[in-house]
Amino acid sequence: MTGSYAPTPLDCPDWIRDWALFLDIDGTLLDLAPDPQAVHIPLRLSTQLAALAHRLGGALALVSGRPLTDIDQFFPGDFDAAGTHGAQWRLGGIESGAGATDDAALARIFATLREEAQRLPGVILERKPHAIAMHYRQAPEQEAQVLCLAGHAVEILGSAFRLQTGKLVIELLPTDVGKGIAIERFMRRPPYFGRTPIFIGDDQTDEDGFAAVNTLGGYSVRVGEGVPTQARFHLHSPAAVRDWLAVLVANL
Ligand SMILES: [Mg+2]
(Lines give C-alpha, C1' and ligand atoms only; values in the text may rest on other atoms or scores of the structure.)
Protein backbone atom coordinates (compact mmCIF):
# COMPACT_ATOMS: atom_id res chain seq x y z
CA MET A 1 0.00 0.00 0.00
CA THR A 2 1.40 3.40 -0.95
CA GLY A 3 0.31 6.58 0.73
CA SER A 4 1.24 10.09 1.65
CA TYR A 5 2.50 9.18 5.08
CA ALA A 6 3.86 6.21 7.01
CA PRO A 7 3.34 3.79 8.63
CA THR A 8 0.58 2.30 6.55
CA PRO A 9 -2.16 0.09 7.96
CA LEU A 10 -0.58 -2.77 6.02
CA ASP A 11 2.55 -2.44 8.11
CA CYS A 12 0.54 -2.72 11.29
CA PRO A 13 -1.96 -5.59 11.03
CA ASP A 14 -2.42 -5.44 14.80
CA TRP A 15 -4.32 -2.21 14.29
CA ILE A 16 -7.16 -4.16 12.80
CA ARG A 17 -8.77 -4.84 16.15
CA ASP A 18 -9.96 -1.22 16.26
CA TRP A 19 -11.04 -0.96 12.63
CA ALA A 20 -14.35 -0.88 10.87
CA LEU A 21 -13.70 -2.25 7.38
CA PHE A 22 -15.80 -1.12 4.40
CA LEU A 23 -15.18 -2.82 1.06
CA ASP A 24 -16.43 -2.07 -2.42
CA ILE A 25 -16.82 -5.18 -4.61
CA ASP A 26 -16.31 -4.63 -8.37
CA GLY A 27 -12.83 -3.44 -9.23
CA THR A 28 -11.87 -3.72 -5.55
CA LEU A 29 -12.45 -7.27 -4.26
CA LEU A 30 -13.19 -8.64 -7.74
CA ASP A 31 -11.64 -7.99 -11.13
CA LEU A 32 -14.00 -6.19 -13.51
CA ALA A 33 -15.67 -8.30 -16.20
CA PRO A 34 -17.25 -7.24 -19.54
CA ASP A 35 -20.63 -8.44 -18.23
CA PRO A 36 -21.33 -7.56 -14.55
CA GLN A 37 -22.85 -11.03 -14.04
CA ALA A 38 -19.73 -12.77 -15.36
CA VAL A 39 -17.30 -11.78 -12.59
CA HIS A 40 -15.00 -14.43 -11.17
CA ILE A 41 -15.33 -14.97 -7.40
CA PRO A 42 -12.06 -16.31 -6.01
CA LEU A 43 -12.39 -19.33 -3.79
CA ARG A 44 -11.98 -18.64 -0.08
CA LEU A 45 -12.74 -14.91 -0.38
CA SER A 46 -16.06 -15.26 1.48
CA THR A 47 -14.39 -17.36 4.17
CA GLN A 48 -11.63 -14.76 4.57
CA LEU A 49 -14.17 -11.94 4.83
CA ALA A 50 -16.13 -13.89 7.44
CA ALA A 51 -12.95 -14.45 9.46
CA LEU A 52 -12.13 -10.74 9.29
CA ALA A 53 -15.68 -9.77 10.25
CA HIS A 54 -15.44 -12.06 13.27
CA ARG A 55 -12.08 -10.56 14.27
CA LEU A 56 -13.57 -7.05 13.94
CA GLY A 57 -16.46 -7.83 16.23
CA GLY A 58 -18.75 -7.74 13.20
CA ALA A 59 -17.57 -4.33 11.95
CA LEU A 60 -17.14 -5.29 8.29
CA ALA A 61 -19.55 -4.21 5.55
CA LEU A 62 -19.66 -4.61 1.78
CA VAL A 63 -20.48 -1.25 0.19
CA SER A 64 -21.39 -1.72 -3.45
CA GLY A 65 -23.41 -0.43 -6.35
CA ARG A 66 -24.76 -3.94 -6.70
CA PRO A 67 -28.14 -4.90 -5.28
CA LEU A 68 -28.14 -6.99 -2.09
CA THR A 69 -29.25 -10.06 -4.07
CA ASP A 70 -26.01 -9.95 -6.09
CA ILE A 71 -23.92 -9.32 -2.99
CA ASP A 72 -25.47 -12.32 -1.22
CA GLN A 73 -25.03 -14.51 -4.29
CA PHE A 74 -21.32 -13.64 -4.54
CA PHE A 75 -20.60 -13.57 -0.81
CA PRO A 76 -22.98 -15.83 1.09
CA GLY A 77 -22.91 -15.21 4.82
CA ASP A 78 -25.41 -12.43 5.43
CA PHE A 79 -22.65 -9.82 5.61
CA ASP A 80 -23.54 -6.30 6.65
CA ALA A 81 -23.94 -4.42 3.40
CA ALA A 82 -24.98 -1.27 1.63
CA GLY A 83 -26.42 -2.33 -1.75
CA THR A 84 -27.24 -0.13 -4.75
CA HIS A 85 -24.86 2.56 -3.40
CA GLY A 86 -26.75 2.61 -0.10
CA ALA A 87 -30.34 2.58 -1.41
CA GLN A 88 -30.44 -0.81 0.34
CA TRP A 89 -28.83 -1.24 3.73
CA ARG A 90 -28.39 -4.22 6.08
CA LEU A 91 -26.94 -4.34 9.58
CA GLY A 92 -26.97 -7.44 11.78
CA GLY A 93 -29.29 -9.23 9.34
CA ILE A 94 -31.91 -6.46 9.41
CA GLU A 95 -32.59 -4.69 6.12
CA SER A 96 -33.88 -1.19 5.62
CA GLY A 97 -34.26 1.10 2.62
CA ALA A 98 -33.03 4.57 1.98
CA GLY A 99 -36.38 6.27 2.39
CA ALA A 100 -39.21 7.02 0.00
CA THR A 101 -38.47 6.69 -3.70
CA ASP A 102 -40.88 6.98 -6.61
CA ASP A 103 -40.50 3.43 -7.90
CA ALA A 104 -43.53 3.76 -10.21
CA ALA A 105 -41.86 6.65 -12.06
CA LEU A 106 -38.63 4.66 -12.17
CA ALA A 107 -40.46 1.66 -13.67
CA ARG A 108 -41.94 3.86 -16.43
CA ILE A 109 -38.54 5.34 -17.22
CA PHE A 110 -36.99 1.87 -17.27
CA ALA A 111 -39.52 0.70 -19.87
CA THR A 112 -38.71 3.72 -22.06
CA LEU A 113 -34.95 3.31 -21.65
CA ARG A 114 -35.17 -0.40 -22.46
CA GLU A 115 -36.87 0.42 -25.72
CA GLU A 116 -34.31 3.10 -26.59
CA ALA A 117 -31.39 0.87 -25.60
CA GLN A 118 -32.42 -1.73 -28.16
CA ARG A 119 -30.99 0.64 -30.76
CA LEU A 120 -27.63 0.60 -28.91
CA PRO A 121 -25.97 -2.82 -29.32
CA GLY A 122 -23.79 -3.80 -26.36
CA VAL A 123 -25.56 -1.51 -23.89
CA ILE A 124 -26.92 -3.45 -20.90
CA LEU A 125 -29.76 -1.99 -18.88
CA GLU A 126 -30.05 -3.12 -15.26
CA ARG A 127 -33.09 -2.53 -13.04
CA LYS A 128 -31.97 -2.31 -9.42
CA PRO A 129 -34.02 -1.67 -6.29
CA HIS A 130 -34.70 2.12 -6.39
CA ALA A 131 -32.24 2.60 -9.26
CA ILE A 132 -31.38 1.97 -12.93
CA ALA A 133 -27.91 1.29 -14.30
CA MET A 134 -26.87 1.58 -17.96
CA HIS A 135 -23.70 -0.43 -18.62
CA TYR A 136 -21.71 0.22 -21.80
CA ARG A 137 -18.49 -1.69 -21.02
CA GLN A 138 -19.09 -3.80 -24.13
CA ALA A 139 -19.82 -0.72 -26.26
CA PRO A 140 -17.76 2.27 -25.09
CA GLU A 141 -18.42 3.95 -28.45
CA GLN A 142 -22.04 4.37 -27.31
CA GLU A 143 -21.07 6.60 -24.38
CA ALA A 144 -22.45 9.86 -25.80
CA GLN A 145 -25.78 8.23 -26.64
CA VAL A 146 -26.04 6.58 -23.22
CA LEU A 147 -25.25 9.82 -21.37
CA CYS A 148 -27.82 11.62 -23.47
CA LEU A 149 -30.54 9.06 -22.68
CA ALA A 150 -29.68 9.07 -18.97
CA GLY A 151 -29.68 12.87 -18.89
CA HIS A 152 -33.12 13.01 -20.45
CA ALA A 153 -34.39 10.34 -18.03
CA VAL A 154 -33.22 12.21 -14.92
CA GLU A 155 -34.81 15.39 -16.24
CA ILE A 156 -38.16 13.59 -16.39
CA LEU A 157 -37.68 12.01 -12.93
CA GLY A 158 -36.99 15.36 -11.30
CA SER A 159 -34.95 16.35 -8.26
CA ALA A 160 -35.57 13.14 -6.26
CA PHE A 161 -33.07 11.39 -8.56
CA ARG A 162 -29.55 12.13 -9.71
CA LEU A 163 -27.04 10.72 -12.20
CA GLN A 164 -23.89 8.98 -11.05
CA THR A 165 -21.14 8.00 -13.46
CA GLY A 166 -18.80 5.07 -12.88
CA LYS A 167 -16.46 2.96 -15.00
CA LEU A 168 -18.41 2.63 -18.29
CA VAL A 169 -21.69 2.78 -16.41
CA ILE A 170 -24.14 5.54 -15.59
CA GLU A 171 -26.85 5.18 -12.96
CA LEU A 172 -30.05 6.91 -11.94
CA LEU A 173 -30.06 6.95 -8.14
CA PRO A 174 -32.17 8.55 -5.42
CA THR A 175 -30.62 11.94 -4.65
CA ASP A 176 -30.17 11.18 -0.94
CA VAL A 177 -28.22 7.94 -1.56
CA GLY A 178 -24.44 7.46 -1.73
CA LYS A 179 -21.62 5.41 -0.30
CA GLY A 180 -20.47 8.21 2.02
CA ILE A 181 -23.94 8.48 3.56
CA ALA A 182 -24.08 4.67 3.88
CA ILE A 183 -20.72 4.50 5.67
CA GLU A 184 -21.67 7.32 8.04
CA ARG A 185 -24.89 5.47 8.85
CA PHE A 186 -22.94 2.33 9.81
CA MET A 187 -20.49 4.38 11.86
CA ARG A 188 -23.26 5.78 14.05
CA ARG A 189 -24.27 2.28 15.18
CA PRO A 190 -22.66 -0.62 17.04
CA PRO A 191 -20.46 -2.51 16.36
CA TYR A 192 -19.05 0.25 14.09
CA PHE A 193 -19.41 3.19 16.45
CA GLY A 194 -16.11 4.33 17.98
CA ARG A 195 -13.93 2.38 15.54
CA THR A 196 -11.55 3.74 12.88
CA PRO A 197 -13.17 3.34 9.45
CA ILE A 198 -11.19 2.09 6.48
CA PHE A 199 -12.83 2.12 3.06
CA ILE A 200 -11.37 0.52 -0.06
CA GLY A 201 -12.90 1.40 -3.43
CA ASP A 202 -11.83 1.89 -7.02
CA ASP A 203 -14.19 4.25 -8.76
CA GLN A 204 -15.64 7.74 -8.97
CA THR A 205 -18.68 6.37 -7.12
CA ASP A 206 -16.43 5.66 -4.12
CA GLU A 207 -15.12 9.22 -3.75
CA ASP A 208 -17.79 10.37 -1.29
CA GLY A 209 -16.99 7.25 0.75
CA PHE A 210 -13.32 8.32 0.81
CA ALA A 211 -14.36 11.81 1.90
CA ALA A 212 -16.54 10.36 4.67
CA VAL A 213 -13.78 8.19 6.19
CA ASN A 214 -11.26 11.05 5.87
CA THR A 215 -13.60 13.25 7.89
CA LEU A 216 -14.03 10.48 10.45
CA GLY A 217 -10.24 10.18 10.85
CA GLY A 218 -10.06 6.88 8.98
CA TYR A 219 -8.13 5.42 6.04
CA SER A 220 -9.30 5.88 2.47
CA VAL A 221 -7.78 3.52 -0.09
CA ARG A 222 -8.30 3.74 -3.86
CA VAL A 223 -7.49 0.77 -6.07
CA GLY A 224 -5.49 1.85 -9.12
CA GLU A 225 -3.49 5.01 -9.61
CA GLY A 226 -3.27 7.98 -11.95
CA VAL A 227 -6.66 9.58 -11.35
CA PRO A 228 -7.48 12.51 -9.07
CA THR A 229 -8.86 11.15 -5.81
CA GLN A 230 -9.59 12.05 -2.22
CA ALA A 231 -8.21 8.69 -1.11
CA ARG A 232 -5.01 8.91 0.93
CA PHE A 233 -3.68 5.44 0.09
CA HIS A 234 -3.52 3.26 -2.98
CA LEU A 235 -3.45 -0.41 -3.79
CA HIS A 236 -2.48 -1.43 -7.30
CA SER A 237 -5.26 -3.86 -8.25
CA PRO A 238 -8.02 -6.10 -6.90
CA ALA A 239 -5.38 -8.85 -6.66
CA ALA A 240 -3.36 -6.55 -4.38
CA VAL A 241 -6.47 -5.96 -2.23
CA ARG A 242 -7.01 -9.71 -1.92
CA ASP A 243 -3.34 -10.23 -1.03
CA TRP A 244 -3.60 -7.52 1.63
CA LEU A 245 -6.75 -9.11 3.08
CA ALA A 246 -4.97 -12.47 3.12
CA VAL A 247 -2.15 -10.87 5.15
CA LEU A 248 -4.71 -9.55 7.64
CA VAL A 249 -6.36 -12.96 7.93
CA ALA A 250 -2.96 -14.62 8.42
CA ASN A 251 -2.21 -12.17 11.24
CA LEU A 252 -5.46 -12.77 13.08
MG1 LIG B 1 -16.03 -0.62 -7.69
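**Exercises on a predicted model**

Arg44 is exposed, with a relative accessible area of 60%. Here exposed means over 50% relative accessible area, buried means under 20%, and partly exposed lies in between (1.4 Å probe, protein chains only). The model is predicted, so local features need pLDDT of at least 70 and side-chain atom pairs count only at pLDDT 80 or more, while totals for chains, interfaces and linings use all residues. Residues are numbered from 1 along each chain as its sequence is written, and side-chain values use heavy atoms, with hydrogens and water left out.

**Exercise 1. Overall form**

Task: Compare the radius of gyration of the protein with that of a compact globule of 252 residues.

Solution: 
- Start with the rule: 2.2 Å times the number of residues to the power 0.38, with the radius taken over C-alpha atoms.
- For 252 residues this puts a compact globule near 18 Å; the protein has 18 Å, so the two agree.
- Next, the box. Along the principal axes, the C-alpha atoms fill roughly 55 × 35 × 30 Å.
- Then burial. Of the 252 residues, 53% count as buried.
- Last, the elements. The protein has seven helices and 13 strands. Helices (H or I, at least four residues) and strands (E, at least two) are DSSP runs, numbered from the N terminus.

**Exercise 2. Strand β12**

Task: Decide whether β12 (residues 219–223) is enclosed or open.

Solution: 
- Count the buried residues: five of the five, so the strand is largely enclosed by the rest of the structure.
- Check each face. One side carries Tyr219, Val221 and Val223, and the other carries Ser220 and Arg222; all are buried.
- Find the neighbouring strand. β11 (residues 196–201) runs parallel to β12, joined by four bridges. Two strands pair if DSSP finds at least two bridges between them.

**Exercise 3. Helix α6**

Task: Which elements do the buried residues of α6 pack against?

Solution: 
- List the buried residues of α6 (residues 207–215): Glu207, Gly209, Phe210, Ala212, Val213 and Asn214.
- Recall the helix repeat. An α-helix has 3.6 residues a turn, so residues three or four places apart point the same way.
- Look for contacts, meaning heavy atoms within 4.5 Å. The buried residues of α6 pack against α5 (179–187), β11 and β12.
- Step past the helix. Just after α6, Gly217 takes a positive phi of about 75 degrees.

**Exercise 4. Pro42**

Solution: 
- Name what it touches. Leaving out residues up to four places away in sequence, Pro42 contacts Leu30 and Arg242.
- Finish with a distance. Pro42 and Phe74 are 32 residues apart along the chain, and their C-alpha atoms are separated by 9.7 Å.
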